[in-house]
Amino acid sequence: MWGLYNYVVDIGKTAYDPCPYGWRVPTVSSSSSPWWGASGWQYNSSFIGVDHTTYGYWPMTGYRHGETGAIGGMDSSTQLGIYWHAWSNQSVATGLGFTQSGTSINADTGGSYYRARGAAVRCMKYTE
């Protein structure tokens, strides 16, 4: 959404990137995504999110459904958080997705989601 339609090419920060100067939406590629393939996410019941020793706290943000506009992923039994990557094509975009059931966390570091779905953005520090 804020980069090219290519997993491999990282063009850096674009004019459409919503992050402030010095920060950017990460790409999905393993070389420039800070959380690509990361494991060790722990459920944080005090703040309804996940903790990681390197990447800090990530709230379970839920999402906006692309067809109905309804808010999803925030019921009491299963929480969901999605954070966009910079990559997309005509119908889908990639992101970091968390699902929680009980105290178990599943983190999908390169998940594919419909672009119409509303999700969160987590900026990463960037230097050219």
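His52 belongs to strand β3. Strands here are DSSP runs of E, at least two residues long, numbered from the N terminus. Is His52 buried or exposed? At 11% relative accessibility, His52 counts as buried; buried means under 20% relative accessible area, exposed over 50%, and partly exposed in between, with a 1.4 Å probe and protein chains only.

Before I go on, a word on what you're looking at. This is a predicted model, where local features need pLDDT of at least 70 and side-chain atom pairs count only at pLDDT 80 or more, while totals for chains, interfaces and linings use all residues. Residues are numbered from 1 along each chain as its sequence is written, and side-chain values use heavy atoms, leaving out hydrogens and water.

Now the overall picture. The protein chain has zero helices and 10 strands (a helix would be a DSSP run of H or I, at least four residues). Of its 128 residues, 41% count as buried. The chain exposes about 7100 Å², and carbon and sulfur atoms supply 52% of that; the areas come from the Shrake-Rupley method with a 1.4 Å probe. If you take the contacts with a separation of 6 or more, residues 24 or more positions apart account for 44% of them.

Back to β3. Which strands does the open sheet hold, and in what order? There are three, in the order β2-β3-β4, and the pairing is antiparallel; two strands pair if DSSP finds at least two bridges between them. The edges are β2 (42–44) and β4 (56–59), and each has a single partner strand, so one side of each is left without a neighbour in the sheet. On average, neighbouring strands of this sheet are turned by 35 degrees against each other, direction ignored. That angle is taken between lines fitted to C-alpha atoms; in general such angles run from 0 to 180 degrees between N-to-C directions. Between β3 (residues 49–52) and β4 there are four bridges, and Asp51 has Tyr57 in β4 as its bridge partner.

Next, the inside. In soluble globular proteins, nonpolar side chains tend to be buried together. Here the largest nonpolar core has nine residues, including Ala38, Trp41, Val50, Trp58 and Phe98. By nonpolar core I mean buried Ala, Val, Leu, Ile, Met, Phe, Trp, Tyr and Cys residues joined through side-chain atoms within 4.5 Å. Another core lies apart from it, with six residues, among them Tyr63, Ile82, Ala93 and Tyr113. As for Ala38, it touches His52, Tyr55 and Thr109, not counting residues up to four places away in sequence.

Then there's the disulfide, and the structure holds one. It joins Cys19 to Cys123, S to S 2.0 Å, and a disulfide here is a pair of cysteine sulfur atoms within 2.5 Å. Why is it left-handed? Because the torsion about the S-S bond is about -90 degrees. Cys19 sits in the segment before β1 (23–24) and Cys123 in the loop between β9 (104–114) and β10 (124–125), so the pair ties together parts 104 residues apart in sequence. Cys19 is buried at 7% relative accessible area, whereas Cys123 is partly exposed at 28%.

Last stop: Gln90, in the loop between β7 (78–88) and β8 (92–101). Gln90 is exposed, with a relative accessible area of 75%.

Technical notes:
Contact means heavy atoms within 4.5 Å.
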